[in-house]
Amino acid sequence: MSHYSGPLLTRPLAEALLAARDAGAAAWTGSLDLGRSNGEAMLATDAWHWRGQRYPYPHKLKDRTIYYWDGDAFAPVSRFSGSLIKLVPSQWDAPTFEIDGIKMLPTSKVSPVEDARRKVALVEPHGKVVLDTCGGLGYFAACCIEAGVARIHSFEKNADVLWLRTLNPWSPDPDAPALGGRLQLTHADVSQAIAQIGDASMDALLHDPPRFGIAGELYSQVFYDQLARVLRRGGRLFHYTGSPNKLTSGRDVPREVAKRLEKAGFKAQLALDGVLATRR
């Protein structure tokens, strides 16, 4: 799917456009692509113009919601097909997303892109071939590209998440000429697709699965054995686990993960909010 290039609005942005119009301004300057760039919107009484297109002033937008122009109106960047999947603004410009109200990326203390950058740095992707098991919004992939990755193979199981990516200007577009074909994005369940990846064909791995209760197969010994198979000796893996409360869950997920990775043939240690492992 091609990437959307129209305006993206939030409630504060819509209010700023209306306030500028009501103050008699002929133009408003700011970002209409979630902080990726600044531009100028020309203001008229009943509509505003941006990049040569005319748009009505939106009213009654909801908080914590991003809107895109669907050709007829400003619609929420969300879909429901068994689960409600929604792109959610953050204080850091780059958005996060939610599945049934559960935030999938950290935003309370750091930008989700900066969070991804820190984790990607642990596997030192420069010049390497990297497997990104659960692509999400593509922030791991974007940071790998920024760091000079040779090639990154990214899998995403959820079609609605892939749709979010086409509307999120912070998500890398695999077809963008500037990427030179380095990002291969595949719509598939990596727990099954990994069987088709060659032995020792990856230099590094990034594994950011949904929580255990949603995708237990991505924490299984069988899957970790497959990760060990496709990674060359000495290659690094960062596995996001989060930090679930041991008192309420009764489990120490990071240490459970580290133990299984050790059994699969890795040397593992806790790092950031997950596990850093090296293929022995």
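User: Which residues are buried in H3?

Analyst: In this predicted model, the buried residues of H3 are Tyr139, Phe140, Ala141, Cys143, Cys144 and Ile145. The helix spans residues 139-146 and is mostly covered, with 6 of its 8 residues buried.

User: And what covers the buried residues of H3?

Analyst: The cover includes helix H2 (112-121) together with the strands S12 (129-132), S13 (151-156), S14 (183-187) and S15. After the helix comes glycine 148, which has a positive phi, near 90°.

User: Glutamate 146: is it buried or exposed?

Analyst: Glutamate 146 has a relative accessible area of 52%, so it counts as exposed, the cut-off being over 50%. Its side chain meets that of arginine 117 in a salt bridge of 2.7 Å, N to O. That pair links distant parts of the chain, since arginine 117 sits in helix H2 and glutamate 146 in helix H3, 29 residues apart. Arginine 117, at 30%, is partly exposed.

User: Which residues are joined with Arg117 and Glu146 into one network?

Analyst: Glu114 and Arg118 belong to that network as well, through salt bridges that share partners.

User: How many salt bridges does the structure hold?

Analyst: There are 19, including one between glutamate 262 and arginine 280, whose closest N and O atoms are 2.9 Å apart.

Conventions: Residues numbered from 1 in each chain as written. Predicted model: local features only at pLDDT ≥ 70, side-chain atom pairs only at ≥ 80, totals over all residues. Heavy atoms only, no water. Buried < 20%, exposed > 50% of the residue type's maximum accessible area, 1.4 Å probe, protein only. Helix = DSSP H or I, 4+ residues; strand = E, 2+ residues; numbered from the N terminus. Contact = heavy atoms within 4.5 Å. Salt bridge = Lys/Arg side-chain N within 4 Å of Asp/Glu carboxyl O.
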